[in-house]
Amino acid sequence: MLGAIAGDIIGSIYEFYNIKTKDFPLFDDRCHFTDDTILTLAVAEVILNADEFPDKTKYIDKLQYIQQFKSYYGEYPSAGYGSTFIKWANSGSTEPYNSWGNGSAMRVSPIASAFDDLNIVLEEARHSAEVTHSHPEGIKGAQATAASIFLARTGYDKTAIKFYIQNCFGYNLEQTLDEIRPTYKFDVSCQGSVPQAIIAFLESTDFEDAIRNAISIGGDSDTIACITGSIAEAFYGGVPEHIAEWIFTTLDNRLWTITDKFMSQCYA
């Protein structure tokens with residue numbers, strides 16, 4: 001989960017000012033957390049507060065996701081949410097709005113960290129997604145991201161992860177970043193950003209390199225880096241200390257507390 005937060009914060013200043021290079025300052029005073037971090041931590045808090053946890057074999061009531069997403073939006077209303085999410089969060093509705101956007105994928109990492117069975121991870125990823133992102137592509141993006149993280153943290157190599165994602169979700173992971181980068185544009189759909197984020201991880205040599213890969217292709221930079229970072233953290237065994245320390249300085253006390261509590265209880 002911390003890798004997702006790191007990717008979001010590092011990528012935050014490049015979302016609307018894309019760069020097509022890996023050569024950029026990793027830390028910048030303008031960097032800030034966005035809705036990606038907010039909703040990731042909302043999912044983390046759902047898990048921490050759920051009656052089903054730490055059983056790790058039961059599914060969480062979807063209403064808990066709805067309540068927490070709306071609550072976090074109320075606390076952080078200016079974090080860069082999509083317009084449809086804002087409308088939903090401000091309404092009394094508990095019905096999804098059939099989104100295929102990458103918001104379902106960027107917030108799913110706590111689920112892949114907290115549960116110990118791939119089938120439960122996939123179903124819980126579905127639950128967390130479909131309260132808003134009920135479109136098949138929105139659900140698929142969340143599940144593919146969660147599966148990548150789970151496989152990465154449970155010892156599978158990159159070849160196995162790539163094979164599983166291509167065969168189970170139908171994503172094309174055969175392109176290289178050098179092929180993607182020249183023409184890639186801003187795309188908030190799961191189908192237009194999750195495969196690219198996974199490829200950025202697959203081509204990486206370490207956590208920092210994964211984040212640089214993700215940001216270098218352009219597009220929805222903070223969210224792509226968020227997704228890539230969540231997988232890279234799991235695969236490389238954590239976020240480097242100097243990055244983690246910097247990330248914690250950008251979070252407010254509320255968000256830092258949830259992050260620390262989740263990592264203490266779910267990374268043990």
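I began with helix 2 and helix 15, which pack at an angle of about 50° with their axes 10 Å apart. The axes are lines fitted to C-alpha atoms over the stretch in contact, and angles run from 0 to 180 degrees between N-to-C directions. Helices here are DSSP runs (H or I, at least four residues), numbered from the N terminus. The two helices are therefore oblique to each other (under 35 degrees is roughly parallel, over 145 roughly antiparallel, 65 to 115 roughly perpendicular, the rest oblique).

I then listed the contact (heavy atoms within 4.5 Å). Helix 2 contributes Ile-38, Leu-41, Ala-44, Glu-45, Ile-47 and Leu-48, and helix 15 contributes residues including Arg-254, Leu-255, Ile-258 and Phe-262.

The model is predicted: local features need pLDDT of at least 70, side-chain atom pairs count only at pLDDT 80 or more, and totals for chains, interfaces and linings use all residues. Residues are numbered from 1 along each chain as its sequence is written, and side-chain values use heavy atoms, with hydrogens and water left out.

Next I looked up helix 1 (residues 2-11). I found 10 of its 10 residues buried, so helix 1 is largely enclosed by the rest of the structure (buried means under 20% relative accessible area, exposed over 50%, partly exposed in between, with a 1.4 Å probe and protein chains only). Its buried residues pack against helices 2, 6, 12, 13, 14 and 15.

Last, I checked Ile-231, which is found in helix 13. Ile-231 counts as buried at 0% relative accessibility. Leaving out residues up to four places away in sequence, Ile-231 touches Ser-148, Ile-149, Ala-152, Ile-198 and Phe-201. I also noted that the C-alpha atoms of Ile-231 and Ile-247 are separated by 17 Å.
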